[in-house]
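Biologist: Could you take me through this model, starting with how it should be read?

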Amino acid sequence: MKLYNYLFKTILIAIPLIFISCDTDEEVDEIVVAPATYEFSRDGQSTVSFSGQTARLNMADEIYSALNTNTFTKAQLLEMFNDGKGFAGQGLDDSGKKVGSKTAAGCNHGALAVTKARYTDMLVDFADNVIPAWAGTAADGTPGLLTDSKRSINVNAKGWEVDQTFIKGIIGGMCVDQIVNNYLDPCQLDSGTRRDDNTNGVLASGKNYTDMEHKWDEAFGYLYGQEEDAKRSDLGTAPNGKGTTLNKYFKKINDSNQPGLAEIVFNAFKTGRAAIVAGDYQVRDAQANIIKIHLSKVIGYKSVDYLNGYMSKMAAGNTADAFHALSEGYGFVMSLQFTNNGNNAPYYTKSEVDAMLAKMDDFWTVQDADLTSMVNDIKSKFGI
């Protein structure tokens with residue numbers, strides 16, 4: 001039988017959770033609001049768990065580090081990505097988690113197999129072509145070392161700095177996709193009997209949380225999973241930006257392009273989780289849409305920033321510095337297909353992204369006019 005308190009009318013206000021009743025014969029209204037911190041408990045024990053997300057973020061960091069050296073083999077790189085093995089971080093090899101299995105795998109669009117192959121192709125290209133030419137001089141069509149007065153980078157034959165194209169692609173293809181197209185989507189939250197189970201207080205087997213609570217927490221973990229203390233009260237105003245993936249650039253956007261974005265997202269995570277506890281799925285979905293739109297903006301902002309950065313650095317005559325920026329831009333543009341506009345549609349479809357990437361494919365011949373057109377279109381679509 002459904003618990004009566006989950007049937008109460010739910011409204012959202014910005015004060016602590018209270019109950020209002022004039023007398024015992026009147027209906028009681030439950031008021032759902034964000035708690036001060038992301039802390040939820042049952043019977044005195046925390047119900048929040050996202051250790052698997054922390055593991056995958058740490059794995060992504062290690063793969064990125066591996067792509068900054070010439071000491072890993074192709075087999076090792078593919079094992080790290082696909083099999084979740086070969087990591088130095090404590091407990092990662094035994095975690096059972098894999099970056100590859102959660103890349104381009106959001107349930108509301110289905111696995112984008114062709115897109116996922118781009119990631120493995122980068123790892124193969126790096127091992128087969130960049131590492132053997134590590135000390136050589138890079139040129140159009142020739143991998144090697146590219147140097148200017150600002151930096152030195154190792155690039156493939158097209159000028160890509162693969163550590164950057166890969167990790168920026170993971171920000172969209174794993175982190176954002178898993179949040180906005182998977183764990184915050186009804187295809188996960190309401191899968192099977194999860195809605196009824198949550199309403200009736202049925203817990204996951206051997207756990208202190210419902211499946212729906214846990215799915216929401218897993219989304220939270222892909223953004224905040226590397227925070228030293230995800231329970232701190234200032235998390236909404238001061239994310240730590242730790243790691244190489246989403247939280248790093250989430251902090252950058254909050255500190256520059258859109259101050260206040262971090263607080264909007266954090267409050268939506270807290271309120272949505274409180275709504276799940278209260279069984280108010282309308283409020284839950286409204287908060288999920290806030291998160292989807294604002295996290296997608298991180299991808300839009302950084303795509304614009306890095307494409308513009310490339311053009312200004314090339315104009316200054318710093319080719320290596322410019323290719324570094326364009327490599328980051330390439331990864332963020334690839335990530336555009338994993339965004340969500342709040343209506344469960346990406347801001348850019350896969351075919352639209354593929355068309356942009358085709359124009360960016362060879363850094364040695366890319367045209368500023370094409371990049372300027374992309375920048376203007378991205379700014380228009382995201383309203384940034």
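Modeller: What follows is a conversation about the core, the helix packing and some individual residues. This is a predicted model, in which local features need pLDDT of at least 70, side-chain atom pairs count only at pLDDT 80 or more, and totals for chains, interfaces and linings use all residues. Residues are numbered from 1 along each chain as its sequence is written, and side-chain values use heavy atoms, with hydrogens and water left out.

Biologist: How many residues does the largest nonpolar core have?

Modeller: The largest nonpolar core has 106 residues. Such a core is a set of buried Ala, Val, Leu, Ile, Met, Phe, Trp, Tyr and Cys residues joined through side-chain atoms within 4.5 Å. Buried means under 20% relative accessible area, exposed means over 50%, and partly exposed lies in between, with a 1.4 Å probe and protein chains only.

Biologist: Which residues have the most contacts inside that core?

Modeller: Those are Ile-179 and Phe-269. The element that gives the most to this core is helix 10 (residues 281–315), with 13 residues. Helices are DSSP runs of H or I with at least four residues, numbered from the N terminus.

Biologist: And what does Phe-269 touch?

Modeller: Setting aside residues up to four places away in sequence, Phe-269 touches Tyr-38, Ile-179, Leu-184, Trp-216, Ala-219, Phe-220, Leu-223, Tyr-224 and Ile-291. Contact here means heavy atoms within 4.5 Å.

Biologist: On to helix 10, then. At what angle do helix 4 and helix 10 pack?

Modeller: Helix 4 (residues 162–183) packs with helix 10 at about 170 degrees, and their axes are 10 Å apart. The axes are lines fitted to C-alpha atoms over the stretch in contact, and angles run from 0 to 180 degrees between N-to-C directions. Helix 4 and helix 10 are therefore roughly antiparallel to each other. Angles over 145 degrees count as roughly antiparallel, under 35 as roughly parallel, 65 to 115 as roughly perpendicular and the rest as oblique.

Biologist: Which residues make the contact?

Modeller: Helix 4 supplies Ile-171, Gly-172, Val-176, Ile-179 and Val-180, while helix 10 supplies Ile-291, Lys-292, Leu-295 and Ile-299. By class, the residues of this contact are seven nonpolar, one polar and one charged. Ala, Val, Leu, Ile, Met, Phe, Trp, Tyr, Cys and Pro count as nonpolar, Asp, Glu, Lys and Arg as charged, and the others, Gly among them, as polar.

Biologist: What about helix 7 and helix 10: parallel or antiparallel?

Modeller: Helix 7 and helix 10 pack at an angle of about 15 degrees, with their axes 13 Å apart, and are therefore roughly parallel to each other. In this contact, Met-212, Trp-216 and Leu-223 of helix 7 meet Tyr-281, Arg-284, Gln-287, Ala-288, Ile-291 and Leu-295 of helix 10. The contact of helix 7 with helix 10 has seven nonpolar, one polar and one charged residues.

Biologist: Met-212 came up there; is it buried or exposed?

Modeller: Met-212 counts as buried because its relative accessibility is 0%. Beyond neighbours up to four places away in sequence, Met-212 touches Leu-189, Asp-190, Arg-194, Arg-195, Asn-198, Ile-276, Tyr-281 and Arg-284. Met-212 and Gln-188 are 24 residues apart in sequence, with their C-alpha atoms 8.0 Å apart in space.

Biologist: And where is Lys-215?

Modeller: Lys-215 is found in helix 7 (residues 211–224). At 14% relative accessibility, Lys-215 counts as buried. Leaving aside neighbours within four places in sequence, Lys-215 is in contact with Tyr-183, Gln-188, Leu-189 and Arg-194.

Biologist: Changing topic to the backbone: what is phi of Ala-104?

Modeller: Phi of Ala-104 is near 55 degrees, a positive value in a residue other than glycine. Most residues other than glycine have a negative phi. Ala-104 lies in the loop between helix 2 (74–83) and helix 3 (113–130) and is buried, with a relative accessible area of 1%.

Biologist: What about phi of Asn-344?

Modeller: Asn-344 has a positive phi of about 60 degrees although it is not a glycine. Asn-344 is in the loop between helix 11 (319–335) and helix 12 (350–360), and is partly exposed, with a relative accessible area of 39%.

Biologist: Last one: how far apart are Asn-308 and Thr-372 in space?

Modeller: Asn-308 and Thr-372 are 7.8 Å apart, C-alpha to C-alpha, and 64 residues apart in sequence. Asn-308 is found in helix 10 and counts as partly exposed at 34% relative accessibility.

How values were computed
Helix = DSSP H or I, 4+ residues; strand = E, 2+ residues; numbered from the N terminus.
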